[in-house]
Amino acid sequence: MSIIMITPLLAGNWKMNGSRASAESLLLQLAQVKLPDAIEMAVFPSYPFLLQAQQILNQTAIAWGAQDVCVEEKGAFTGEVSASMLADFGCRFVIVGHSERRQFYGESNECVACKCQIALAHGLTPIVCVGETLDEKERGLTQNVVGRQLAAVLTKVATDALVKVVLAYEPVWAIGTGLTPSAQEAENVHVFIKQQVAEKNRLVVEKMPVLYGGSLKATNASELFAMPNIDGGLVGGASLDAHEFLDIARQLAQCKFG
Ligand code: PGA
């Protein structure tokens, strides 16, 4: 499977962390350094910090996005944020179907697919997260679970829009736990994901990055990124430290381009 046309992407999911002051400090640190060439980088602060991201990162090569989006266009949906609002704040990306949304807020595969579709309709690139729980892994259900999560998106999204989607394999048991699959185990799931996408469209799979996420850190990044079908990372905890996030970015560039 060719990976030549895929631009590697490193995404930093800040989750519900930080303050206005700490967000500014982190954004300024990222904005002031020389970034590795040929990879894309993006950060995902909480909604209240998106304006700061827009103001500070505007002239840089780092994009920004939100951690979720409402499935509805607009209207009486208290507490929700629409795709058009995110586009208005210059977001290029949005994370959809993160396991914390699926687990704690009951998002179904169908809901995630609808969020993916509304994001695309507003010109946002959705980063769609898939992954199995520990129990599912131990029962040998990884492909089954990931396959169903993926199928919902592949069924809903038209083939020409699919080329703008990014996927992230995030084993739920690896998120925030310090545990990771072996690089080969992760690679195997990435290959499975790409096979599923290729069944829908062979050309899309050659352009669509499939990221790895779950306790990705400076200490394990190179090993994972050395795998040919791991096209980048979705980093949680380690993205809150500018030095570590940049270290991971440099490792990604090094692994993919030498
Ligand atoms: P983690 O989170 O890197 O802190 O494990 C990853 C994620 O949830 O995207």
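**Note on salt bridges, barrel and cysteines**

1. Asp135 is partly exposed, with a relative accessible area of 42% (buried means under 20% relative accessible area, exposed over 50%, and partly exposed in between, with a 1.4 Å probe and protein chains only). Its salt-bridge partner is Arg139, at 3.0 Å from N to O, where a salt bridge is a side-chain nitrogen of Lys or Arg within 4 Å of a carboxyl oxygen of Asp or Glu. Arg139 counts as exposed at 53% relative accessibility.

2. The model is predicted, so local features need pLDDT of at least 70 and side-chain atom pairs count only at pLDDT 80 or more, whereas totals for chains, interfaces and linings use all residues. Residues are numbered from 1 along each chain as its sequence is written, and side-chain values use heavy atoms, with hydrogens and water left out.

3. By the rule above, the structure contains nine salt bridges. One of them pairs Lys15 with Glu100 at 2.9 Å from N to O; Lys15 sits in the loop between β1 and α1 (20-31) and Glu100 in helix α4 (residues 99-104), so that distant parts of the chain, 85 residues apart, are linked (helices, H or I of at least four residues, and strands, E of at least two, are DSSP runs numbered from the N terminus). Glu100 is partly exposed, at 24% relative accessible area.

4. Asp68 and Lys115 form another salt bridge, with their closest N and O atoms 2.8 Å apart. Because Asp68 lies in the loop between β3 (62-66) and α3 (83-88) while Lys115 belongs to helix α5, the pair ties together parts that are 47 residues apart in sequence. Both partners count as buried, Asp68 at 8% relative accessibility and Lys115 at 4%.

5. Eight strands close into a barrel in the order β1-β2-β3-β4-β5-β6-β7-β8, with parallel pairing, and the twist from one strand to the next averages 25°. Two strands pair if DSSP finds at least two bridges between them. Strand β1 (residues 9-13) is joined to β8 (residues 232-235) by four bridges, and Ala11 stands opposite Leu234 in β8.

6. Strand β3 is mostly covered, since five of its five residues are buried; Ile62, Trp64 and Ala66 point one way from the strand, while Ala63 and Gly65 point the other way. On one side, β3 pairs in the parallel sense with β2 (residues 40-44) over three bridges, and Met41 stands opposite Ile62. The chain crosses from β2 to β3 through helix α2 (residues 50-57) in a right-handed β-α-β crossover, meaning that, with the strands pointing away from the viewer, the path from the first strand over the helix to the second runs clockwise.

7. Two bridges join β3 to β4, again in parallel, with Phe93 of β4 as the bridge partner of Gly65. The crossover from β3 through α3 to β4 is right-handed.

8. Helix α5 (residues 109-121) lies across β4 (93-96) and β5 (125-130), running at about 165° to β5. Helix α7 (residues 142-156) lies across β5 and β6 (166-169), at about 155° to β5.

9. The structure holds zero disulfides, a disulfide being a pair of cysteine sulfur atoms within 2.5 Å. The sulfur of Cys116 is too far for a bond, because the closest cysteine sulfur, in Cys114, is 9.6 Å away. For Cys129, the nearest cysteine sulfur is that of Cys116, at 11 Å. Cys116 is buried at 0% relative accessibility, and Cys129 is buried at 1%.

How values were computed
Axes fitted to C-alpha atoms, helices over the stretch in contact; angles between N-to-C directions. Contact = heavy atoms within 4.5 Å.
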